[in-house]
Amino acid sequence: MHRRWSAVVTVACGALLAGAAWTALPADGAGQRAPARAPETAELDLLHTAGELLVQDCMRAQGFSYWPVPRVPHPDLRDFPYGVDDVDWARAHGFGRRIEQQLDQEAAAGPRARYQSGLSAERLEALGVALMGPDSKGLAVENPGGGTLSHSDRGCITTSWRELYGDVRLWFGASETVKQLGAVRTGRVGEDPAFRTALAGWSECVGRRGFPAAHPVRQRDEQLARTGPAAEAQDVPMATAQAECARSTGLADTAQDLHRRFSDMIRAEHRAAFDAMRRMQVAALPTARDVVARHSGS
């Protein structure tokens, strides 16, 4: 998706989405501290809603309007890191082009877009500073995929973190690490020999179906880059072939087995980050409930 405001707000809620993608840790042996529990989906929804309301309060105090962004922008939006493998979803949505278009249209016609279009360049810049902070300094953590990730220790997003989680440096470091580890896991799955073997069978299968491709994710990205009625008419048959071949050749099962295996390995390698993030999330739930209740009664 390429909606400007949504991309900005993803910085605030990305850790919640990332946390939802990691299953619970197995129990430790005797004598070791029990791992932090993973928040349930409803709890992640609550934390996200509370964070968005806190951002809204902060922006209003600085003279700006802000519209909270939902944690899940569309009920049918799905992430397929190894290619589409849900046949029913593919038959209904292809590669999700129409969902993306709907979200883009709603964003362009929504109150946020109308509000921003009425601001002067100076005022729009001030809005960005109020939301994100004046610079990307103050908070930093090593990216497990390489380099350093940084964020301002000021601005309304950071203010919402501080009110919910307390220690913003610990929160940013732990949550951003977990978020970036999703890409690390996807990379490891893609490099595994078992995945490559299954991928070769998948490629042969889609080729026989009239949609030659070397990799399902590249096939999807290349298809979505094509525009016009002729291209869009191919979305559903191509995505359906991709999903059916992922099932029939074992690529889907292989990818999910590797996904679980590398999830366990990566959580063990980065246990401190996962535990810190999860403990802070669980500890923040009472505050989040209070924030949502306060706004519900206002």
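Trainee: What is the torsion about the S-S bond of Cys205 and Cys245, and which hand does the disulfide have?
Mentor: Good place to start, and keep in mind that this is a predicted model, where local features need pLDDT of at least 70, side-chain atom pairs count only at pLDDT 80 or more, and totals for chains, interfaces and linings use all residues. Residues are numbered from 1 along each chain as its sequence is written, and side-chain values use heavy atoms, with hydrogens and water left out. A disulfide here is a pair of cysteine sulfur atoms within 2.5 Å, and Cys205 and Cys245 are joined with S to S 2.0 Å. The torsion is about -70°, so the disulfide is left-handed.

Trainee: Which helices hold Cys205 and Cys245, and how many residues apart are they in sequence?
Mentor: Helices (H or I, at least four residues) and strands (E, at least two) are DSSP runs, numbered from the N terminus. Cys205 lies in helix 9 (residues 193-208) and Cys245 in helix 12 (residues 235-248), so the pair ties together parts that are 40 residues apart.

Trainee: Is Cys245 buried or exposed?
Mentor: Buried means under 20% relative accessible area, exposed over 50%, and partly exposed in between (1.4 Å probe, protein chains only). With a relative accessible area of 0%, Cys245 is buried.

Trainee: How many disulfides does a search of the whole structure find?
Mentor: Besides the Cys205 to Cys245 link, a disulfide joins Cys58 to Cys156, with S to S 2.1 Å. That pair links distant parts of the chain, Cys58 in helix 2 (residues 41-61) and Cys156 in helix 7 (residues 156-165), 98 residues apart. Both Cys58 and Cys156 are buried. The search finds 2 disulfides.

Trainee: Which backbone oxygen does the side chain of Arg220 reach?
Mentor: Arg220 sits in helix 10 (residues 216-225) and, at 16% relative accessibility, counts as buried. Taking contact as heavy atoms within 4.5 Å, Arg220 touches Phe80, Phe95 and Gln242, not counting residues up to four places away in sequence. At 2.9 Å, the side chain of Arg220 reaches the backbone oxygen of Phe80.

Notes. A polar contact is a pair of N or O atoms within 3.5 Å; within protein, one must be able to donate a hydrogen and the other to accept it, and residues adjacent in sequence count only if both atoms are side-chain atoms.
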